Structures are given as C-alpha cells and as structure tokens.
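Please look over the structure shown here with its sequence.

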Amino acid sequence: MLVLEDVNVYYGAIHALKGISLEVNQGEIVTLIGSNGAGKSTSLKTISGLLRPKDGKVMFKGADLASIAPQTIVAQGISQVPEGRRVFANMTVIENLELGAYLRKDKSGIKEDMKRVYELFPRLLERKNQLSGTLSGGEQQMLAMGRALMSKPQLLLLDEPSMGLAPILVKQIFSIIKEINASGTTILLVEQNAHMALSIANRAYVLETGKIVLSGDAKQLAASEEVRKAYLGG
Ligand SMILES: Nc1ncnc2c1ncn2[C@@H]1O[C@H](COP(=O)(O)OP(=O)(O)OP(=O)(O)O)[C@@H](O)[C@H]1O
Ligand SMILES: [Mg+2]
C-alpha cells in the first residue's frame, strides 16, 4: 500500500532522513520506533506531503506522491494524527470532528463515521459541545484520532499517541488502535513507547539518526537483544 524508497529529507543543512526505505501492506499495523530526534515525525510528515524529499520515492497504492498537495493526499486516503494532538482549541469537539471531514461530500457517510467515532470514544460524545482546549490530554488525543478518522482514511499515520498519557489511558488508546485496524484501516504508528508499539504491531522498523537500523516481525524484534537493550530497558 505504501512504499518509501531511499528517501532523503533535509531541513536546510540538516540531513534528517538518510535514505529511508520501508513498506506498509494493506491491513497491517506497522510501527516505527526510535529515540528523540531519530526522524520519526519527519518520516510521517514526508508521507503526508508536509515535507518533500530531496530524492527517493514515496508511493501510495502505486502512485508517486511527490507532486501531490497534502489535501489531495488526504483525499486519496492518508490521514495523519500529528504529534502533540493539535486540536483546534477554540472550537468544540463536534466542530473539530466536522473539520476532519471537510474534503468529503457524502453527508450520510459523514454522519455514519461520526457515529462510529463516538462509539470508539464515548468520552467525546459526552463532551461534544465542549471547547477542545478544555479537554484533558487524553481526551484531546482521542479527538485528534477521531478527527483523522473523519476523513475515512485507508492509511492512518499516528505520531506518538501515547505521549504524556497515564498508563491506563495508554492501554486504552492502544486497544482502540487495534480496533481501528481490525475494522479495516491500515496503520503506521510512530512511538517512543517501543514496548506497547511492538505489542500491537505486525512489523516494525527501528530508526536511529535518520537511518533504519533494524526491521522485521514485531514479536521477533521485541525479543531481540539489540532492541531490548536499546529500547525496552534491558
Ligand atoms: N523544522 C526543523 N528544522 C530543522 N531541523 C529539524 C526540524 N524538525 C526536525 N528537525 C531535526 O530533524 C531531526 C529529526 O526530527 P524528528 O522531529 O523527525 O524526530 P523524532 O524522531 O520525531 O523525535 P521525537 O521523538 O523527539 O519526536 C532532529 O535532529 C531534529 O532536530
Ligand atoms: Mg516526533
């Protein structure tokens, strides 16, 4: 479904992605793990078109995304939940969700998806008229995920959904990610919480200073000495 081939991304003189190649197959949960500054967010922004590679290819369902505008990439089926949530603080929960569907015209489909988001996140239904800036961190994460789902993505990009959340909420968010995947959405998950990410993913890539240093089956990686030492605290 998604293929990155030898992608190089720069911020001015900073070489942030150094020849990244990876694949996400339809139906999978793939996780990209790595420490601060490894290039995880840069990778997601490059897929969603917010950053452009200097060279290399980003292909989605066989088409090159190089010259496609970010909103067109959303319309083609890729939606990103950015790091740090970034909900619109002065808008209500409903208004944020409606914005997620702004490229769609199928009113009945939008209504159905809104219902589905409220089923996944009952808390959002309780808070639907509340200003988003007054939601708790966990609720804002739910809203950011709900908003991304409102564009009906085939591929959902999640940038550190567990960041700053209490352990019980982390568990809940990860179980909802599994549920979203089970209902047909392919997922590329970026995480510093390698333990949780590897526990729900099919496959994983390990990123270190802009390079992929390890990849493979998530369970096998979780069991490998290298990953345990570097990312799982022994
Ligand atoms: N706008 C920018 N301008 C210059 N350098 C940047 C910019 N954004 C990111 N970088 C650099 O690119 C590298 C990769 O950053 P990126 O945000 O992708 O890391 P990350 O893996 O998401 O880290 P974290 O886990 O802390 O979110 C870092 O060295 C960072 O300093
Ligand atoms: Mg990041």
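What follows describes a predicted model, beginning with the ligand and ending with the helices.

## The shell around ligand 1

There are 14 residues around ligand 1, and those that come nearest are N36, G37, K40, S41 and T42. Sorted by class, this shell holds 7 polar, 4 nonpolar and 3 charged residues. Two elements, β2 (14-24) and α1 (40-47), each supply at least two residues of the shell, and α1 gives the most to it, with 3 residues.

Oxygen atoms of ligand 1 take part in contacts with both backbone and side-chain atoms: a polar backbone atom of G37 is 2.8 Å from one ligand oxygen, a backbone N or O atom of G39 lies 2.9 Å from a ligand oxygen, and a polar side-chain atom of S41 lies 2.8 Å from an oxygen atom of the ligand. Taken alone, ligand 1 exposes 640 Å², of which the protein buries 63%.

## Packing of α6 and α7

Two packed helices are described by the angle between their axes and the distance between the axes. For helix α6 (residues 137-149) and helix α7 (residues 167-182), the axes come within 11 Å and cross at roughly 10 degrees. Because angles under 35 degrees count as roughly parallel, α6 is roughly parallel to α7.

On the α6 side, the contact is made by G138, Q141, M142, M145 and L149, which meet L169, Q172, I173, I176, I177 and I180 in α7. The residues of this contact divide into 8 nonpolar and 3 polar, with no charged residue among them.

Key. Residues numbered from 1 in each chain as written. Chains lettered and ligands numbered in written order. Predicted model: local features only at pLDDT ≥ 70, side-chain atom pairs only at ≥ 80, totals over all residues. Heavy atoms only, no water. Near = heavy atom within 4 Å. Polar contact = N/O pair within 3.5 Å; in protein donor to acceptor, adjacent residues only side chain to side chain. Areas by Shrake-Rupley, 256 points an atom, 1.4 Å probe, with all protein chains shown as cover. Helix = DSSP H or I, 4+ residues; strand = E, 2+ residues; numbered from the N terminus. Nonpolar A, V, L, I, M, F, W, Y, C, P; charged D, E, K, R; others polar. Axes fitted to C-alpha atoms, helices over the stretch in contact; angles between N-to-C directions. Parallel < 35°, antiparallel > 145°, perpendicular 65-115°, else oblique. Contact = heavy atoms within 4.5 Å.
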